[in-house]
2 protein chains.
Amino acid sequence: MAAAQKIKRTVYVGPFVHSQSLQKLDICPTGAIGVDENGKIAFVERDVKDVGDVIPVTQKYGWQNSQIVRIKDNGFLFPGFIDTHIHASQYPNTGIFGKSTLLDWLNDYTFPLESSLSDLSKARRVYNRVVARTLSHGTTTAAYYATIHVPATNLLADICLARGQRAFVGRVCMNAMSPEYYRDESVEAAMRSTRECIEHVRGIDPGFEIVSPIITPRFAPSCTTECLREQGKLHRETGIPCQTHISENKKEIELVKELFPESKSYADVYDSAGLLTEKTILAHAVHLTEEEKALVKEREAKISHCPASNTALTSGCARVRQLIDQGITVGLGTDVSGGFSPSMLEMVRQAVWVSRHVAMTDGDQAKLSMEEALYLATRGGAKVVGLHQKVGGFDVGTDWDAQMISLGSVAEDGSASDEIHGDPVDVWGWEEWEDRVAKWVYNGDDRNTAAVWVKGRLVHQRPGFQP
Amino acid sequence: MAAAQKIKRTVYVGPFVHSQSLQKLDICPTGAIGVDENGKIAFVERDVKDVGDVIPVTQKYGWQNSQIVRIKDNGFLFPGFIDTHIHASQYPNTGIFGKSTLLDWLNDYTFPLESSLSDLSKARRVYNRVVARTLSHGTTTAAYYATIHVPATNLLADICLARGQRAFVGRVCMNAMSPEYYRDESVEAAMRSTRECIEHVRGIDPGFEIVSPIITPRFAPSCTTECLREQGKLHRETGIPCQTHISENKKEIELVKELFPESKSYADVYDSAGLLTEKTILAHAVHLTEEEKALVKEREAKISHCPASNTALTSGCARVRQLIDQGITVGLGTDVSGGFSPSMLEMVRQAVWVSRHVAMTDGDQAKLSMEEALYLATRGGAKVVGLHQKVGGFDVGTDWDAQMISLGSVAEDGSASDEIHGDPVDVWGWEEWEDRVAKWVYNGDDRNTAAVWVKGRLVHQRPGFQP
């Protein structure tokens, strides 16, 4: 089992970058991070300027026999990204959405594809690919929606564990307002299926060290009140986290009002069902009212901001600055395939762009800086999924969930250092460290993610790259 | 000289895609396009389904000895992109803009870099890289701003010609409101320098077949009234096109009002100087008034929409649908480095996103479809730079400015066809042609641009790719 694999003690020597706070990146050009045989960070040294400085560090910790990995190619270490909202089952539709908005998009594009994953061989193909793909983009933790199918959902959990990606795997619960061909037959059937998936994960990763189940009522319109309540009851009884959607699109909000006339608000639908807790991930939250924000804050529920999806489906712009200022915890989600990209680096950019559009109407304070967007993609996301004691930054005692970033360089004649892979980032040599990070954020892609580790285990490396 | 090179008659066999109209893509899965020894499209056949169908086509045209190039890897041919606004000299700053808006961005980031290109060895490094980079993204035509320096600007023209990229190369004219260290010393000096650059291009490419000069007053605040008038006079006398910026940022607009109190509007500043004609490219046009739009329309001046830049610098959202509906010609520009990417495919996406944000306030009719954004990047851009009789689509008699797109495929076990280059697009095999194009548009990058031709000449190929 991946969780139990011992790895070789390793010292990663070179620059590292991670979030110190929401506003501030900690950029250390001369670092050395020791990762122990359990995949935990044993030490972080900041003054390892020369090759000769490594030996005293290993001596200091009694790590003379450890493996040394040096950061190359203008690169740096960065924490793995945490995708707080992604539909693994929709991955093949990435980039396909046409001119649709949420409700027609579900019927035209999404339900037919999800339904087809009852075929396990198709599910295997899709899930192998989405996990490999997100790992290649540096996503070390993902909160996945699968489908309603038990065997295919369990297969996704198996694949995450085998490939070593930290994941929350949710069987989608939906017993209403969905096509005949794709829904839970009854509340009882839905709960039985949900429990089967929980037990499967308990069987393959008893401590939920790498893979965890997550209770996943699709969204209010897809579930009857009774079904939501049963899911909420299971959430409270088991302490297993839950995830759902909220307030993405105005028509959806109207629909929720019609379907749940007794509820004070969309957020109240979940709250009444016992589904609004400190272990709840709410995707979108684009149009929350002040009362709903206060309720979300009070319950300490978390929000997954999905900027790419909200723009592509013209859902609206979440007011991320307001949410943060009100003390609500926010992370970023790709929302594949409402979102058009499986890349969290693209989400960092998209969070910046959406905040610029909000600033055009609400004023400059709405702008998210690059530093803030990177925080949301790492430490913010870690809080959203409840793993902030374990991952999100380079802190002693936490797990080594990290990516090695490399950047291309430009020769004196203007040719590039990496003609083979076509590195999208050009470093000229005169840049400050802050500018190198900016170039990665705004021009980089998976080609710059040379290697990825989860809990110390190498889970991805760019073809041809030797760490 | 590149323009005179003869090439081998070639038939490109396979799917092709280009714009039939603003709203409609012409997708032909079974095409054969003949390109003659002058780089012109001699024929377009649409029904070449099998290998055996190629011979009758070559016989029909007496092209039995021509070279055959087959489209591979789920790919298709697409017209080269036309970048209607890019600052070649700012390329090294791509992705670096921090929290700035236009006027502080100019002073903090831009003028120092541009000024440093007086060093010819630095200019060579930068210009070689930006031309190679934009070619790799499928940009077959670019309207470049260089710097104020004559030798460096001439070098950019040389590099474009040598590498075979169709280009408009503009020496930047600026004699006011600019730092002491970076401005034209006088109107006379400015005009002399502008003329020297025009004559240089005439010397290396007399018919302006590949490289053309372009008169480039930076923007109104950078030029005195007299300087603008002299540039306008040269524009009228020579018939050489001109390019400048308009109405990008609200503070800039206020500044123009202060600097040109006698003018009725920002557009009127250019019109009064004789700089608003059917051969004028105006970048941005974010905040044009109704009167200005009417004037732009009347003069048949063209607009370069720069969505990435306008979002990054929080300049605002150009109302592209309104401009188009009013009969104004619009193309797309990267606006490197106010824009954070040299990729026109990224601009296609960004044009779609910006239009979604406009739609959130102005209503659904503001949305640009993928088809419309692709039109703007090809045929629209061709009209903007005045080359629509030559490039922008696959029409008989026009030049072969094209790119070959390839797309990755997913194996039955979920592994990818191209582990070496890490193709960003996954094709599963069941997609309609429209969806394949959408996947390229929303997930693709330069890795999907396998080969690029200008006027029939192969000017870029992805490493390892054999066309």
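Between chain A and chain B of this predicted model, about 5,200 Å² of area is buried, and carbon and sulfur atoms give 54% of that area. The contact set has 60 residues of chain A facing 60 residues of chain B. On the side of chain A, A:Arg125, A:Trp353 and A:Trp428 lose the most area to chain B, and together they make up 15% of what that side buries.

In domain 1 of chain A, 32 residues are in contact with 29 residues of domain 2 of chain A. The area buried between these two domains of chain A is about 2,600 Å², with carbon and sulfur atoms giving 63% of it. Within domain 1 of chain A, A:Leu22, A:Val441 and A:Tyr442 lose the most area to domain 2 of chain A, together 25% of what that side buries. The table sets out the two interfaces.

| Interface | Residues in contact | Buried area | Given by carbon and sulfur atoms |
|---|---|---|---|
| Chain A with chain B | 60 residues of chain A, 60 residues of chain B | about 5,200 Å² | 54% |
| Domain 1 with domain 2 of chain A | 32 residues of domain 1, 29 residues of domain 2 | about 2,600 Å² | 63% |

**Parallel sheets**

In chain A, an open sheet is formed by four strands in the order 12-13-14-15, with parallel pairing. Its edges are strand 12 (242-246) and strand 15 (330-332) of chain A, each of which pairs on one side only. Neighbouring strands of this sheet are turned against each other by 30 degrees on average, direction ignored. Strand 12 of chain A runs parallel to strand 13 (residues 280-284) of chain A, and five bridges join the two. Within this part of chain A, A:Gln243 stands opposite A:Ile281 of strand 13.

In chain B, four strands likewise make up an open sheet in the order 12-13-14-15, and the pairing is parallel. Strand 12 (242-246) and strand 15 (330-332) of chain B are the edge strands, pairing on one side only. From one strand to the next, the twist averages 30 degrees. Strand 14 (residues 302-305) of chain B is joined by three bridges to strand 15 of chain B, and the two run parallel. B:His305 is placed opposite B:Leu332, a residue of strand 15 of chain B. Helix 12 (residues 344-362) of chain B lies across strand 14 and strand 15 of chain B, and it runs at about 125 degrees to strand 15 of chain B.

**A hairpin in chain B**

Antiparallel pairing occurs between strand 19 (residues 449-454) and strand 20 (residues 457-461) of chain B, which are linked by four bridges. In this pair, B:Val452 stands opposite B:His460 of strand 20 of chain B. The two strands form a hairpin with two residues between them, and B:Lys455 in the turn has a positive phi of about 50 degrees.

**Individual residues**

In chain A, A:Arg462 lies in the segment after strand 20 (457-461). A:Arg462 counts as buried because its relative accessibility is 11%, under the cut-off of 20%. Leaving aside neighbours within four places in sequence, the residues in contact with A:Arg462 are A:Ser406, A:Arg447, A:Asn448, A:Thr449 and A:Ala450.

B:Gly386 is found in the loop between helix 13 (370-384) and strand 16 (402-405) of chain B. With a relative accessible area of 48%, B:Gly386 is partly exposed.

**Cysteines**

A search of the whole structure finds zero disulfides over all chains. A:Cys197 is in no disulfide, and the nearest cysteine sulfur, that of A:Cys173, is 11 Å away. A:Cys197 counts as buried, at 6% relative accessibility. In chain B, the closest cysteine sulfur to that of B:Cys160 belongs to B:Cys197 and is 13 Å away, which is too far for a bond, because a disulfide requires sulfur atoms within 2.5 Å. B:Cys160 also counts as buried, with a relative accessibility of 0%.

Methods:
Residues are numbered from 1 along each chain as its sequence is written. Chains are lettered from A and ligands numbered from 1 in the order in which they are written. This is a predicted model: local features need pLDDT of at least 70, side-chain atom pairs count only at pLDDT 80 or more; totals for chains, interfaces and linings use all residues. Side-chain values use heavy atoms; hydrogens and water are left out. Buried means under 20% relative accessible area, exposed over 50%, partly exposed in between (1.4 Å probe, protein chains only). Two strands pair if DSSP finds at least two bridges between them. Axes are lines fitted to C-alpha atoms, for helices over the stretch in contact, and angles run from 0 to 180 degrees between N-to-C directions. Contact means heavy atoms within 4.5 Å. Buried area is the accessible area (1.4 Å probe) that two parts lose on being put together, summed over both.
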